[in-house]
Amino acid sequence: MFLLHLLALIFISTRTVEPPQEEKKKKEEEEEKKKKKEEEEEEEKETKSKYDLMFQRGDLLEVPRTLFTHFGIYLGGGRVAHFIPDIMPVISRDQSQIRLMVTNTRLILGVLVKCGSIRVDSVDDFAYGAEILVNPMDRMCGRLALPGEEVALRAEKLLGDVSYSLLWYNCEHFVMFCRYGASTSFQTFQFCKTMRKLLLSRRVAKVTAMLSMCLLVYLRAVNTWSVLPAFLLPFLLWMAS
């Protein structure tokens with residue numbers, strides 16, 4: 001009988017001790033999570049304030065890349081609005097997936113299908129480890145820059161999915177419109193100028209004429225109706241050179 005009472009007392013004591021221990025453990029976990037969240041928020045605030053000291057709202061940011069230069073508009077709080085080709089808005093409506101940083105695969109497919117989005121990313125995601133140049137176009141553009149607040153508001157109004165064109169509407173067209181009110185691209189102009197030098201030359205016209213003649217002879221299709229179209233393209237290249 002005494003043994004039964006003893007076992008009952010032990011059982012009751014363990015039952016009364018366990019809940020406080022579990023509650024204490026839960027409280028410690030909650031406090032640890034809260035502390036971690038506060039540290040992350042503090043770190044995010046420090047990052048934002050750091051970039052707010054470096055840039056002003058409405059600044060045009062330029063980032064050199066391997067084959068091209070990328071542009072964005074600084075909105076404040078460590079955020080940048082930029083226009084980037086992206087296939088994700090076409091194949092998915094999941095905003096959590098779309099908000100993820102755009103990978104090279106998403107970017108290339110976006111260029112091919114001519115789809116992009118004007119989106120907001122952190123300065124770190126925008127720069128991708130590259131050096132950031134601030135307002136370099138102010139020295140090149142013939143127009144005066146608009147007030148910073150107006151520039152940022154223009155960028156914020158244009159946020160969303162937009163048709164993308166590598167030559168006729170890219171990230172540079174977007175920032176030039178926001179900051180200067182003119183949708184132009186110096187990269188596109190330079191590319192077209194280079195292609196003009198390569199293609200619209202007398203040497204290309206001569207080579208095209210020779211290749212056309214060789215092809216007609218090989219196909220044994222030398223007659224008035226075949227020679228005229230064959231020499232039309234070389235003639236146009238010659239006149240344009």
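1. **A starting pair.** In β3, the bridge partner of Y74 is V80. Y74 itself sits in strand β2. Strands and helices here are DSSP runs, numbered from the N terminus; a helix (H or I) has at least four residues and a strand (E) at least two. β2 and β3 pair in the antiparallel sense, over three bridges. Two strands count as paired if DSSP finds at least two bridges between them.

2. **What kind of model this is.** This is a predicted model: local features need pLDDT of at least 70, side-chain atom pairs count only at pLDDT 80 or more, and totals for chains, interfaces and linings use all residues. Residues are numbered from 1 along each chain as its sequence is written, and side-chain values use heavy atoms, with hydrogens and water left out.

3. **The chain as a whole.** The secondary structure comes to ten helices and six strands. Of the 241 residues in the chain, 31% are buried. Buried means under 20% relative accessible area, exposed means over 50%, and partly exposed lies in between (1.4 Å probe, protein chains only). The chain exposes about 17000 Å², and carbon and sulfur atoms supply 62% of that area. Accessible areas come from the Shrake-Rupley method with a 1.4 Å probe; for residues, only the protein chains shown count as cover.

4. **Contacts along the chain.** Take the contacts with a separation of 6 or more: residues 24 or more positions apart account for 65% of them. A contact means heavy atoms within 4.5 Å.

5. **The sheet.** In what order do the six strands lie? The order is β5-β1-β2-β3-β4-β6, in an open sheet with antiparallel pairing. The edge strands are β5 and β6 (160-163), and each of them pairs on one side only. Strands of a sheet pair through backbone hydrogen bonds, either parallel or antiparallel.

6. **Strand β1.** Look at residues 60-64. Four of the five residues of this strand are buried, so β1 is largely enclosed by the rest of the structure. On one flank, β1 pairs with β2 (residues 69-76) in the antiparallel sense over five bridges. These two strands form a hairpin, with four residues between them. β1 also pairs with β5 (residues 133-134), again antiparallel, over two bridges. L61 shows both pairings. Its bridge partner in β2 is G72, and its bridge partner in β5 is V134.

7. **Back to Y74.** Is Y74 buried or exposed? Its relative accessible area is 0%, so Y74 is buried. The Y74 side chain makes a polar contact with the side chain of D52, at 2.6 Å. A polar contact is a pair of N or O atoms within 3.5 Å; within protein, one must be able to donate a hydrogen and the other to accept it, and residues adjacent in sequence count only if both atoms are side-chain atoms. Y74 and V134 are 60 residues apart along the chain, and their C-alpha atoms are separated by 9.7 Å.

8. **Helices on the sheet.** Helix α4 lies across β3 and β4 (115-122), and runs at about 55 degrees to β3. Helix α6 lies across β2, β3 and β4, and runs at about 110 degrees to β2. Axes are lines fitted to C-alpha atoms, for helices over the stretch in contact; angles run from 0 to 180 degrees between N-to-C directions.

9. **Salt bridges: R57 and E149.** A salt bridge is a side-chain nitrogen of Lys or Arg within 4 Å of a carboxyl oxygen of Asp or Glu. The count comes to seven salt bridges. One of them joins the side chains of E149 and R57, at 2.9 Å from N to O. This pair links distant parts of the chain, 92 residues apart: E149 is in helix α6 (residues 148-157), and R57 is in the loop between α1 (2-54) and β1. E149 has 42% relative accessibility, so it counts as partly exposed. R57 has 27%, so R57 is partly exposed too.

10. **Salt bridges: D86 and R106.** The closest N and O atoms of D86 and R106 are 2.7 Å apart, in a salt bridge. D86 lies in the loop between β3 (79-85) and α2 (88-91), and R106 lies in helix α4 (residues 104-113), so the pair ties together parts that are 20 residues apart in sequence. Both D86 and R106 are buried.

11. R119 forms a salt bridge with D121, with the closest N and O atoms 2.9 Å apart. R119 is buried, at a relative accessible area of 9%. D121 counts as buried, at 10%. Elsewhere, salt bridges that share partners join R57, E149 and E156 into one network.
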